[in-house]
Amino acid sequence: MQKTCETRSREHLEALHWRYATKKFDPSRQLTEKQLSGLLEAVRLSPSSYGLQPYKILVVTDPELRRQIQAASWNQSQVTEASHLLIFAHRTDFGPELIDSYLDEVAETRGTAREALAGYGEFMKSKLLGQSPEQKASWSARQAYIALGTLLSAASEFRIDVCPMEGFEPARVNQILGLDAQHLSAVLLAPVGFRSEADATRLNPKVRRSHESLFAYL
Ligand SMILES: Cc1cc2nc3c(=O)[nH]c(=O)nc-3n(C[C@H](O)[C@H](O)[C@H](O)COP(=O)(O)O)c2cc1C
């Protein structure tokens with residue numbers, strides 16, 4: 001039987017109540033390939049401005065790399081104890097190739113003539129390429145945050161734990177992973193896996209601003 005919007009809404013809100021920024025992962029529990037690929041597919045499907053997805057997601061399992069990244073992440077244990085470490089790295093600079101490669105995908109996926117997309121390509125280039133390097137980097141980082149939101153939401157549905165993390169030194173992480181040379185910069189870490197029973201914070205009631213203070217009806 002088809003689920004109603006109300007049922008789906010209730011179930012998704014339950015999932016959002018279930019999730020929390022996991023402080024302690026159970027290092028003995030690993031994601032299966034299928035669980036990992038489900039999460040990555042959700043991230044791949046994340047919306048972004050113009051659809052350009054100006055970022056890359058690194059899936060780090062190498063223990064030595066993770067040890068080094070932990071040292072550059074306020075020593076937060078999630079980095080090494082979670083099943084997998086995802087790193088969202090945004091494009092620090094880009095040129096017309098970001099737009100052209102996307103339009104190649106559009107043409108192939110939708111069977112559209114590439115020439116028919118030229119006008120749209122020029123429009124995107126006129127909006128994006130005239131920005132300063134700082135503006136470009138800020139724009140691409142914001143797109144990565146949307147992808148993180150998609151990950152958090154999907155993971156809650158799958159009952160997989162995540163700790164979204166800004167608490168790290170991007171310059172050090174970039175150096176460890178050789179990201180500068182790829183015009184990428186780490187902007188978010190997301191250890192994923194399963195919560196430890198020993199994580200007392202899992203029982204903390206959620207603190208959120210009230211409906212009245214958060215929303216305005218005009
Ligand atoms: C962008 C972002 C960065 C965060 N950075 C960290 C972090 O470095 N370490 C950490 O333990 N929690 C981090 N958090 C978790 C937040 O503190 C947490 O989401 C917030 O307090 C709400 O609690 P909840 O997610 O458990 O409901 C971060 C969350 C977000 C969205």
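R195 lies over the face of W18, 3.9 Å from the ring centre. A second residue of this kind is K136: its charged end sits over the ring of F94, at 5.2 Å from the centre. The structure also holds one aromatic pair. All of this comes from a predicted model.

**Overall build**

The chain has nine helices and four strands. Along the sequence, they follow the pattern α-α-β-α-α-β-α-α-α-β-α-β-α. So much for the order of elements; next comes the extent of the chain. Its C-alpha atoms fill a box of roughly 55 × 50 × 40 Å, taken along the principal axes.

**The sheet**

The four strands form an open sheet. Their order is β1-β2-β4-β3, and the pairing is antiparallel. Which strands are at the edges? They are β1 (55–60) and β3 (161–162), and each pairs on one side only. β1 is joined to β2, residues 84–91, by six bridges in the antiparallel sense. Within this pairing, I57 has F88 of β2 as its bridge partner.

**The ligand site**

How many residues surround the ligand?

| Residue | Protein atom | Distance to a ligand nitrogen atom |
|---|---|---|
| Q76 | N or O atom in the side chain | 2.8 Å |
| E166 | polar backbone atom | 3.0 Å |
| P164 | polar backbone atom | 3.1 Å |

P164 and E166 take part through polar backbone atoms instead.

How much of the ligand does the protein bury? Taken alone, the ligand exposes 620 Å². The protein buries 66% of that area.

Terms used: Residues are numbered from 1 along each chain as its sequence is written. This is a predicted model: local features need pLDDT of at least 70, side-chain atom pairs count only at pLDDT 80 or more; totals for chains, interfaces and linings use all residues. Side-chain values use heavy atoms; hydrogens and water are left out. A polar contact is a pair of N or O atoms within 3.5 Å; within protein, one must be able to donate a hydrogen and the other to accept it, and residues adjacent in sequence count only if both atoms are side-chain atoms. Accessible areas come from the Shrake-Rupley method with a 1.4 Å probe; for residues, only the protein chains shown count as cover. Rings of Phe, Tyr and Trp (its six-membered ring) pair if their centres lie within 6.5 Å; planes under 30 degrees apart count as stacked, over 60 as edge-to-face and the rest as tilted. A charge sits over a ring if NZ of Lys or CZ of Arg is within 6 Å of the ring centre and within 35 degrees of the ring normal. Two strands pair if DSSP finds at least two bridges between them. Helices (H or I, at least four residues) and strands (E, at least two) are DSSP runs, numbered from the N terminus.
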